Amino acid sequence: MSPREPFAVRVYRFVLGVFPGRIRHIHGDEMAAMFHASWTDARRSGAGATLRLLFRTVFDVALNGSAARLGVILGLDPAEPRSPSSRSTARRRGGMGMETVLRNLKHAIRGFAHRPGFALVAVLTLGLGIGGNTAIFSIVSALLLKPLPYRDPSALVTLNHYYPSLDGLEASISARGFRDYKTRTHAFSSVAVETGRALNLTGEGDPERINAASASPDYFRTLGVAPALGRAYGKEVEGGDAHVVVLSHGFWARRFGSDPDALGRTLNLDGDPYTIIGVMPETFRDVFNRQAQLWVPLVLTEAQYSRGYTNEYLSLVARLAPDTGIGAARTEMAAFADQLKTDHPDWFPPDWSIHVTSLQERATESVRPALMILLGAVLVVLLIACANVASLLLTRASGQRRQIAVRMAMGAGRSQVVGRLLSEGVVLGLAGAAVGLVLGTWGLVGLKALASRSVPGIADVSMDRGVLLFTLLVSVGTGVFVGLMPAIGTWRTNVSSALRDGTRAGEDRSGLRLRRVFVVAQLALSLALLAGAGLLLRSMARLQAVSPGFDAKGVETFYLSLPSNSYPDEASQRRFYDELLPALRSVRGVTAAGLESVLPFSGGWSTSTFTVVGYEPGPKEPGPWGDIRIVSPGFQEALGLPLLKGRFFTDADGPETPQVAVVDQDLVRRYWPKQDPIGKQISFGDGPIEVIGVVGHAAHEGLDADPRVQVYGSYRQFPRAGMFVVSRTSGRPDALAPALRAAVQTLDPNLPIARVSSMEHLIADSMGDRRLSLVLLAVFAAVALALASTGVYSVMAQMVGQRTRELGVRIAMGADRGAVISLVLRQGMGLVTVGTALGLAGSLAVSRVLESQLFGVTPTDPATYSLVVVVLLVSAALAILVPALRATRVDPVQALRQE
């Protein structure tokens, strides 16, 4: 191979791998040279000629290569290769040149036009399989395979703190960690951090809560992305005015109508003016906060740097130094973590470490398992569809045996006959691709609507050129596969036997055996999908039966954040919320109202270590840690959280009184078993806090999440600017949203509310990824079962047709309807039994892949497997019953006369 060959020729050489090695060795250079000449001529003639050449090449290589491979498999001498770029060579060698390929394709289309019913069933069957693969591959390609839209994304990594002893917690990075990892290590050429935040946008129009991010000066430079308009901020913000803002393309288009003169204008964010200096490209998505609409400078202070390594709230991205791989970075950071534990043994658990992960992997880790499961499921559906259509083509070829034998007796070569059959398969594959693209487009629209909340970034997914190429390759591969099945039988055809025996149905035993194999495979694959869907269904049922620990019905929630310029201190923040709660409780239909800093199922969390007075952890046991929540009086009634002992907070628990806390029952069980917790003390380092009450444990991140102990403090003693408002209503929660918003606007007309939702919706959304996997896998399993049942019916119908004479004799000799039905059912259920046995073995292996998606159900759950086996057996029995009933109507006289 010449190093100067164009890329297209090198790809062509790779594609020639379809041909057997002997042919490539003898003719490969000649074929590549011919293609090179054709490629050069086509490039000179324009894009149209180039596309036509590529189109012809794909068909020619697929058909001729498959025919040659088939000859090798059957132990016959394969046909000579044909170059797609030389018609004269093809004619001279007597093989399938481009003219022959086109003639075969036209013949296949005419043949299907005379049997539109057959063609429609085959095309729709393949269209279902190809369409499902197109839709799912569009998502997989966009979210998992496509590189992140940054410069040299493979060099980008992210760092996280890892705590194996704290239930495998992965935490963000502290300000001190950011400074040290940036200045005291050598693996990275650039390090930056970001933290998500929300800003109140006021001024023109109604106040609005904007999803934003604070990013360090090197953030955009580290990612390697420059604004499409204007500039990004840099280190100049550290010593000067940090009130500048970079806009997302979507926000710029929505708020300013894509006006370039927006640069230099100001936005009022949290009461402060920010100057617009840049607009990011339309394709830019923040990997840590995909919904971010604005970026403002993050300027860290010495006070923040001094808070230690465990004050973790920053997402870190780093670019590897030149000639430094991720393995070297992991080695250096592991050594750095060991050094930190040696220098500060009281700060870290013994097993604490620093994880270095590629940014691409971090960005896709939440959706990768579910998407790979779904991709595997649609591939199974495609295999079942291929087996079904191949079975149909085998039946069709069986009816054409005499016609094919006549052609071969008149001089047609086996390779020519095989080429025609392969062409029929390719025509069906391409027609199926056309239907599949339509179904895939509709499916993608439905998937985007179904998974808009549970799959980050799915809204940006579209069918690009890569997906279209994938669909083309799948369709050609599918067509070659389904065409190969009748081609195998044709290659083995004994011409004299076929001409002597005619078209009697009983002679094509090899084709019938192959169809039986297809039926068994379809049943086994269908059972595997049914088992997966059944396990997910039982898992979802178990999960929905889990109590969140509070009464979610009738609870409406929203979020408020008090800007620092209007509410500069704790006293003003406390005063606003003191006025807000009575206003909310006075709204008609509200029975209780309260505040919480981190709402369950909202996606946020706040954990910390603390001290339990009188409790000493073991030598290798981690100290007490758990969720810390700041709430208001009335919160317990508003959320429906059960009070088990003691009391909840009241307005009397203020800044001048001793600090008090309420804990959950899990904390009591862990640290004060068989003791009265009331009056016990905990500490966060600022003095003791007395426990005054015990409440039930409330699920937080998900119904299936591992529980952490929970500590509640009063907002009157630990004020927060940002709080979730929780209101219990006597009617529909969403109906009261306007009245609740009006109550807030009465106190502060410039204060927007955000994240309005009922608690029931939040809980439902937390199961969105599981629900998506369940729905799609159930749909794929239903399609697979329908296709498999069709395959069973088709085979049994052919078997009944082949045994028409035998059944006629049986009926003539006195066999009743029940005996005939029993005979057919017994023969069909034998195939079903084999398919079920193989399917059960495969299902047990496949279910291990689903293990991470299951809750409360084992991968070998007997009830699930019993149910899906019954469903499969009933469906197959119904498919067999139709030809069995037809067999009872065989006329003995007519059957014998036909023979």
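**Close-up views of a predicted model**

**View 1. Strands β20 and β21 run antiparallel and are joined by 3 bridges.** The structure shown is a predicted model. Within this pairing, I682 has I689 of β21 as its bridge partner. Strand β20 comprises residues 681–683, and β21 spans residues 688–695.

**View 2. Strand β21 is mostly covered.** Of the 8 residues in β21, 6 are buried, each having under 20% relative accessible area.

**View 3. Strand β19 runs parallel to β21.** Strand β19, residues 660–664, is connected to β21 by 5 bridges. V662 lies opposite G693 of β21.

**View 4. Strand β18 pairs with β21 in the antiparallel sense.** The pairing of β18, residues 643–646, with β21 extends over 3 bridges. Here L643 stands opposite V695 of β21.

**View 5. K674 occupies the loop between α22 and β20.** The phi angle of K674 is near 60°, a positive value in a residue that is not glycine. K674 counts as exposed because its relative accessibility is 89%, and the cut-off for exposed residues is over 50%.

**View 6. R755 is located in strand β24.** This strand covers residues 754–758. Although R755 is not a glycine, its phi is positive, at about 55°. The relative accessible area of R755 is 49%, so R755 is classed as partly exposed.

Notes:
Residues numbered from 1 in each chain as written. Predicted model: local features only at pLDDT ≥ 70, side-chain atom pairs only at ≥ 80, totals over all residues. Heavy atoms only, no water. Helix = DSSP H or I, 4+ residues; strand = E, 2+ residues; numbered from the N terminus. Buried < 20%, exposed > 50% of the residue type's maximum accessible area, 1.4 Å probe, protein only. Pairing = 2+ DSSP bridges.
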